[in-house]
Amino acid sequence: MKKHQQDPLMNGGGSASGVNGNGNGSGNVVSPFRMLAPRPTSIEETCLNKQFLVDLVSKHLYDAGGLTISQLVHRVCLSGSIIEEILNYLRQESRLEVLPRLGQSKELYYSLTDLGRIAGQEAMNKNGYIGPAPVPVSEYEKVVQAQSVHRVIIKQKETQQAFEDIVIRPTLLDQLGPAMNSGRSIVIYGPPGTGKTYITQRLTRLLTDACLIPYAISVNESIIQLYDPLVHKAADQASGTDGKPNLLFNEGHDPRYKLCKRPVVISGGELTLDMLEVKYEPSTKIYRAPLQLKANNGMYIIDDMGRQRVSPVELFNRWIYPMEERKDLLSLANGNSFEVPFDEILIFSTNINPLELGDAAFLRRIGHKIFFDTLDKFAFTEIWKKVCIEKQIEFDQTLLTYIFEEHYQREQRPLLPCHPRDILGIAQDKALYLADPEKLSEELIDWAWKSYFVKLDQEEDQFAGSGKLSGGHYD
């Protein structure tokens, strides 16, 4: 579906992001990722210092009480030889003891001594993160650049296929596709109910490949947890048949990364500026990545722009540097600042005229402004038919003509994509109550129409002086 440029990190071994890529003809589906992020075979190749890893392993042992080497390999996501070197160091420092084999286990268990538990507690007090070894931010940047979402090329034919089950104007698709290819941010605007959120979220259908997401990144001695199972969905080939990561020493990519579908992050009216900064939890002493960092190599959609508690100007200003430099500047709780890649398709969706949200200088920095308009009768009819099929309602052209003439034309209401599902849903609720959910009538449509739309002029007269309206839906 997409073609990717080659990158020096790939050593000419095929696509950086196709999980079905076969870089060496052996059938190893992860070989391109193995070349992108090779498995470390020594402490030096992790790009982390030895004491840092000693503290991490000590925290795992402190947390679990006792672990085997294979258990530590799975928990820390480093090879057995690296784990053995760290355990040998801990034994030499009198921080580790070997426990007797438990049950039928053939492996030795390792546990911290009193001295080791003191050191483990001190490590926990510095940073509460217990998980796979992190990837240094400098190494993470190289991987992000090599598998950039902006290397994905969207083609017209594939775009049409991805939206063939959705009623959308071809001219609108021909705007969205090039916008996705541009590498620049996008504003999608138009009246409420014109399908902006629905279509925007379905643009993710165009991102069908996979990328490597680190469990955590390190900035000097600080660890930031990046992987989020709510955002990062594992690719099918990312694990073995038992559902566990493939940690064979000579196969696969660096297990400090998880092979995932390209991430998609969606924020709405709940978005605040602090959600775009590194979050530090004092109780657990853990750093967590902000939303845009989790969206790297994927898509970040800010829905209902202008409805947030923070002003649009403040929110727009937060994006100026990342959009221009393709880098984001973040800070830790100790005040230290650092740069991370900003590699994502950034989409703003709003019901408000963009000129009311930001000044001309900012809007010039946005590559594409795409207007979502109301429907014509043909498109509305096609959506109505699709909803009838979904809800197992008998389609009646006469009934639809009645709606056009008696309601839309009389009240001069625009035809919106959200109306068929909403009106048919309300009418079916009443039909189900009357024990005939498959057949609708003019009376049921009239009832649904009155229930769905509020006549604001009548309501204002009725509730004059009360300071509020009550009941119903209004558009």
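Reply: Gladly. We start with Glu107, which sits in the loop between strand S1 (96-99) and strand S2 (109-112). Keep in mind that this is a predicted model.

Me: Why does Glu107 count as partly exposed?

Reply: Its relative accessibility is 32%. Buried means under 20%, and exposed means over 50%. The value of 32% falls in between, so Glu107 counts as partly exposed.

Me: How far apart are Glu107 and Gln71, in sequence and in space?

Reply: They are 36 residues apart in sequence. In space, the distance is 10.0 Å from C-alpha to C-alpha.

Me: Now helix H17. Which of its residues are buried?

Reply: H17 spans residues 442-452, and its buried residues are Leu444, Ile445, Ala448, Trp449 and Tyr452.

Me: What puts them on the same side of H17?

Reply: Look at the arc around the axis. They cover only 135°, so they lie on the same side of H17.

Me: What does the face turned away from the buried side carry?

Reply: That face carries Glu443 and Lys450, which are exposed. The label requires over 50% relative accessible area.

Me: And what do the buried residues of H17 pack against?

Reply: They pack against H14, helix H15 (397-411) and H16. Contact here means heavy atoms within 4.5 Å.

Me: Next, the strands. What makes S6 and S7 a pair?

Reply: Pairing needs at least two bridges. Four bridges join strand S6 (residues 216-219) to strand S7 (residues 222-225), so the two count as paired. They run antiparallel. Ala216, for one, stands opposite Gln225 in S7.

Me: Where do S6 and S7 belong in the sheet?

Reply: The open sheet has five strands, in the order S3-S6-S7-S11-S10, with mixed pairing.

Me: Why are S3 and S10 called edge strands?

Reply: Strand S3 (135-136) and strand S10 (279-281) each pair on one side only.

Me: Last, the largest pocket. How much space lies in it?

Reply: About 630 Å³. It is lined by 31 residues, and the closest to its centre are Gly195, Tyr198, Ile383, Pro417 and Cys418.

Me: Which element gives the most to the lining?

Reply: H14 does, with five residues. The elements that give two or more are helix H9 (196-202), strand S15 (344-350), helix H14 (377-390) and helix H16 (419-433).

Me: How do the lining residues divide by type?

Reply: There are 14 nonpolar, seven polar and 10 charged residues.

Terms used: Residues numbered from 1 in each chain as written. Predicted model: local features only at pLDDT ≥ 70, side-chain atom pairs only at ≥ 80, totals over all residues. Heavy atoms only, no water. 1 Å grid on protein atoms, 1.4 Å probe; cavity = no way out; pocket = protein on both sides within 12 Å on 5 of 7 lines; lining within 4 Å. Points joined across faces, edges and corners; volume = space filled by probe spheres on them. Nonpolar A, V, L, I, M, F, W, Y, C, P; charged D, E, K, R; others polar. Buried < 20%, exposed > 50% of the residue type's maximum accessible area, 1.4 Å probe, protein only. Arc of directions from axis to C-beta.
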